[in-house]
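Okay, thanks for having me at group meeting.

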Amino acid sequence: MKELLEERFNDVYRKFKLHFYMETFARFQDREASLTTVESFAMEAIAALGSPTVHEFATFMRISSSNAAYKIGSLIKKGYVEKVQSESDGREYHLRPTQKYIDYYNVSASYVHEVIERIEQRFSPEDLAKLEEMLRVMSEELMPEVPASA
C-alpha cells in the first residue's frame, strides 16, 4: 500500500508541475524578461516565505547573501520583485512579489482552483473533510523541514 500511495502522490505532484510548465512556456516564451528556472524557484520561495528579508531568503535557500542579492537584483530589474522598507526597522528591507509575478504565479494557482472544484464535484462532503484534514496534518505536522507559508 505504501508504494501505491507514494506512486499516486508523485503522479499528482508531477501533473501539477507539468501543467505549470506547459502554461508558463505557452504564455511567456516570447517575453524578453521571462524568468529563468532558477529565478522561478527563487520567486516561488520569496512568495511562499511571505515577504522575507534578503538575509532570510539567503538563509532559507542556503546561499550566500551576496549571491542572494545578485539574484534579487535580477528579479527587481525584470519587475518580478520589489524591496519594501520595514516600518519597524528602517534599515531592513522585505522582498515582495509584484503584480507581474502574481500574474505569472496565477498560472499555477488557477489550475489548483480548477482541480479543487472538480474534487468538490466528485467526492462527498465527508471525503472532502477527510482530505482537508490529511492535507492540514501533512502541512502542519509531517513537513517540519519547510516553514509554514505566509
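**Salt bridges, charge and surface**

Let me start in helix 5 (residues 99-122), where arginine 118 and glutamate 114 sit four residues apart, so about one helical turn separates them. Their side chains form a salt bridge, with the closest N and O atoms 2.4 Å apart. For salt bridges, the rule is a side-chain nitrogen of Lys or Arg within 4 Å of a carboxyl oxygen of Asp or Glu. How exposed are the two partners? Arginine 118 counts as partly exposed because its relative accessibility is 45%, and glutamate 114 is partly exposed too, at 34%. On the cut-offs: buried is under 20% relative accessible area, exposed is over 50%, and partly exposed is in between, with a 1.4 Å probe and protein chains only.

Before I go on, a word on where this comes from. This is a predicted model, so local features need pLDDT of at least 70 and side-chain atom pairs count only at pLDDT 80 or more, while totals for chains, interfaces and linings use all residues. Residues are numbered from 1 along each chain as its sequence is written, and side-chain values use heavy atoms, with hydrogens and water left out.

Now the overall layout. The protein has six helices and two strands, and from the N terminus on the order is α-α-α-α-β-β-α-α. Those are DSSP runs, numbered from the N terminus: helices are H or I with at least four residues, strands are E with at least two. Along the principal axes, the C-alpha atoms fill a box of roughly 50 × 40 × 30 Å. Of the 150 residues, 20% are buried. If you take contacts with a separation of 6 or more, 53% of them come from residues 24 or more positions apart; contact here means heavy atoms within 4.5 Å.

Back to the salt bridges. How many are there by this rule? The count comes to eight. One of them is in helix 6 (residues 125-140), where arginine 136 and glutamate 140 lie four residues apart, about one turn of the helix. The closest N and O atoms of that pair are 3.5 Å apart. Arginine 136 is partly exposed, at 32% relative accessible area, whereas glutamate 140 is exposed, at 58%.

Helix 1 has lysine 15 and aspartate 11, again four residues apart. Their salt bridge is 3.9 Å, N to O. Lysine 15 is partly exposed, at 47%, and so is aspartate 11, at 29%. And there's a network here: Asp11, Arg14 and Lys15 are linked by salt bridges.

On charge as a whole, the mean positions of the 19 positive and 25 negative charges are 6 Å apart. Lys and Arg count as positive, Asp and Glu as negative, and His and the chain ends aren't counted. The charge is placed at NZ of Lys, CZ of Arg, CG of Asp or CD of Glu.

Last, the surface. The accessible surface is about 11,200 Å², and 56% of that belongs to carbon and sulfur atoms. Areas are Shrake-Rupley with a 1.4 Å probe, and for residues only the protein chains shown count as cover. Which residues make the nonpolar patch? Leu18, Tyr21, Phe25 and Phe41, with about 450 Å² of accessible area together. Patch residues have over 30% relative accessible area and no salt bridge, with nonpolar side chains (Val, Leu, Ile, Met, Phe, Trp, Tyr) joined within 5 Å and like charges within 9 Å. Helix 1 (residues 2-28) gives the most, three residues. Phenylalanine 41 is in helix 2 (residues 37-49), and its 47% relative accessibility makes it partly exposed.
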